[in-house]
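Me: I'm new to this one and would like to go through it slowly. Can you show it to me before we start?

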Amino acid sequence: MLNALTIEIMENKFEHLKQLVYEGAKNKMPDINDVVLDRISYELNTIKKLDFIDYFILYSRIIEVCNEFKLLRSYGRGSAPNSIVNYCLDITNINPIEENLIFERFIHPTQKQLPDIDIDIPKGWQKKVIEKLKQNYPEYYTYSIAFLPKSENDYEAIAYNNVNYKIHPCGIAITTQEIGYSTFQFSGQDFYLANDIQNDPYYYDKIDILELYYLNRLQLIANEVGNNYHPYKLPLTDKKVFKLFVEGNLENIFQFNVHSLKSILQNFR
């Protein structure tokens, strides 16, 4: 049973999240109709029921920092764009109602685990974002993650107690309580060691902030050609772009520049 104080704290956090979402809705959608309001209400109540409130508040604060730095970010990957809460919090930049995206692909009302949200930012900015987050919100403890991978990979290595670990390229453990075990400092950074990644809660609930050089290049292009051609403002129905996909000209397009996808898109047209 939850005591009265815990319930009050949860309600206050939920009201705060609601306020953030509705403020974002006003900024992003000048015409807020009943369909939008119903979708927002449904998603928020699902988030509350599953006790994911803190998770979304944390992500909203990370995005707040990214926006302070005016970082160019991706529109949103995976299932995250299926949520209008993510859209209102500026975590993603696609309106799921306009694109007929189903929320349950992102969060199902019966799921136990936290949903998966990736934040893509330009290369060289992850540490700055984390430091600014801690500066703005001192209640957070942040740890880079070192782990024992099942197979060899090209991740940066780090040695601790004569064991070679790999540094996760984008995963950060962010908590409101200091982790009292399996932590160490290296080069001024706090690290958390995930020895069993299959069953480690901090590894499983890590925040993924991925640095992409593609976004540095896009930022340079946006700065050069002017704000009217900012990537967020480009149309999503450009026939010339679709022609590139049909022809398989995908060498410089993130996550599409692999042979299998080129072949599929050329055949599928």
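Reply: A word on terms to begin with: a residue is called buried when its relative accessible area is under 20%, and exposed when that value is over 50%. Please also keep in mind that this is a predicted model.

Me: OK, so is strand E2 largely enclosed or open, and why?

Reply: Strand E2, residues 141–147, is largely enclosed by the rest of the structure, because six of its seven residues are buried.

Me: Which strands does E2 pair with?

Reply: E2 is joined by six bridges to strand E4 (residues 163–175), and these two run antiparallel, while with strand E6 (residues 189–194) E2 pairs in the parallel sense over four bridges.

Me: Switching topic: which residues touch the most other members of the largest nonpolar core?

Reply: That core has 44 residues, and those touching the most other members are Leu-17, Phe-56, Ile-62 and Ile-174. The elements that give two or more residues to this core include helix H1 (4–28), helix H3 (53–68), strand E1 (118–122) and E4, and H3 provides the largest share, ten residues.

Me: What is Phe-56 in contact with?

Reply: If we leave aside its neighbours within four places in sequence, Phe-56 is in contact with a set of residues that includes Leu-17, Ile-47, Val-85, Phe-106 and Pro-115.

Me: Which residues are in the second core?

Reply: The second core is separate and has nine residues, among them Ile-145, Phe-147, Ala-173 and Ile-197.

Me: Now helix H7. How far apart are its end C-alpha atoms, and what span should it have?

Reply: Helix H7 has 13 residues (213–225), which at 1.5 Å a residue should span 18 Å, and its end C-alpha atoms are 19 Å apart, which agrees.

Me: Which H7 residues are buried, and which are exposed on the face turned away from them?

Reply: Leu-215, Asn-216, Gln-219 and Ala-222 are buried in H7. These four cover an arc of only 125° around the axis, so they lie on the same side of H7. The face turned away from that buried side carries the exposed residues Tyr-213, Leu-220 and Glu-224.

Me: What do the buried ones pack against, and what follows H7?

Reply: The buried residues of H7 pack against E1 and E7, and H7 is followed by Gly-226, which has a positive phi, near 105°.

Note on methods: Residues are numbered from 1 along each chain as its sequence is written. This is a predicted model: local features need pLDDT of at least 70, side-chain atom pairs count only at pLDDT 80 or more; totals for chains, interfaces and linings use all residues. Side-chain values use heavy atoms; hydrogens and water are left out. Buried means under 20% relative accessible area, exposed over 50%, partly exposed in between (1.4 Å probe, protein chains only). Two strands pair if DSSP finds at least two bridges between them. A nonpolar core is a set of buried Ala, Val, Leu, Ile, Met, Phe, Trp, Tyr and Cys residues joined through side-chain atoms within 4.5 Å. Contact means heavy atoms within 4.5 Å. The expected span of a helix is 1.5 Å times one less than its number of residues. The arc is that of the directions from the helix axis to the C-beta atoms.
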